[in-house]
Amino acid sequence: MQEYNMVQKFAYILIILDGAALLLSGLVLWKPVQFSLLTILFGGYDTVRYIHFLCMNIMVLFIIIHLVMVLLVPRALLSMIRGH
């Protein structure tokens, strides 16, 4: 079984929290009146726009880093696909 180091654990916890923040901020951007409590909790509509943009940048950076790592170590991709 794969053991993850502290940096990997932190990164995956961060990306899960980032995904939750993206979902919630996206709901506020989509329907700010219906999700008015969330709008208030996030600090207003304009603040939600910045939070959503920041979280999206974190998600894109996470994906880019993973793609670069696969390019640097291509056999890791084969291991992931095969399950070994």
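Predicted model: local features only at pLDDT ≥ 70, side-chain atom pairs only at ≥ 80, totals over all residues.
Is R49 buried, partly exposed or exposed in this chain? At a relative accessibility of 47%, R49 counts as partly exposed, because that class takes in values between 20% and 50%.

The protein chain has four helices and zero strands, and when it is read along the sequence the pattern is simply α-α-α-α. The C-alpha trace spans about 50 × 25 × 20 Å along its principal axes, and the radius of gyration is 17 Å, whereas a compact globule of 84 residues would come out near 12 Å. Buried residues make up 15% of the 84 residues, and the chain exposes about 6,900 Å², of which carbon and sulfur atoms supply 75%. As for how the chain meets itself, if we take contacts between residues at least 6 apart in sequence, 42% of them join residues at least 24 apart.

Turning to the individual helices, helix α1 runs over residues 6-30, and its 25 residues reach 36 Å from the first C-alpha to the last, close to the 36 Å expected at 1.5 Å a residue. Within α1, the buried residues are I15, D18, A21, L22, S25 and V28, and these buried residues pack against α2, which covers 36-42, and against α3.

Helix α3 brings us back to R49. The side chain of R49 meets that of D46 in a salt bridge, at 3.8 Å from N to O, and the structure holds one salt bridge. Both D46 and R49 lie in helix α3, three residues apart, which is about one turn of the helix. In general, an α-helix has 3.6 residues a turn, so residues three or four places apart point the same way.

There is also a nonpolar patch on the surface, formed by M56, V60, I64, V68, L72 and V73, with about 500 Å² of accessible area together. One of these residues, V60, has its place in helix α3, which spans residues 45-72.

Technical notes
Residues numbered from 1 in each chain as written. Heavy atoms only, no water. Patch = residues over 30% accessible without salt bridge, like charges linked within 9 Å, V, L, I, M, F, W, Y side chains within 5 Å. Areas by Shrake-Rupley, 256 points an atom, 1.4 Å probe, with all protein chains shown as cover. Salt bridge = Lys/Arg side-chain N within 4 Å of Asp/Glu carboxyl O. Helix = DSSP H or I, 4+ residues; strand = E, 2+ residues; numbered from the N terminus. Buried < 20%, exposed > 50% of the residue type's maximum accessible area, 1.4 Å probe, protein only. Rg over C-alpha atoms; globule rule 2.2 N^0.38 Å. Contact = heavy atoms within 4.5 Å. Expected span 1.5 Å × (residues − 1).
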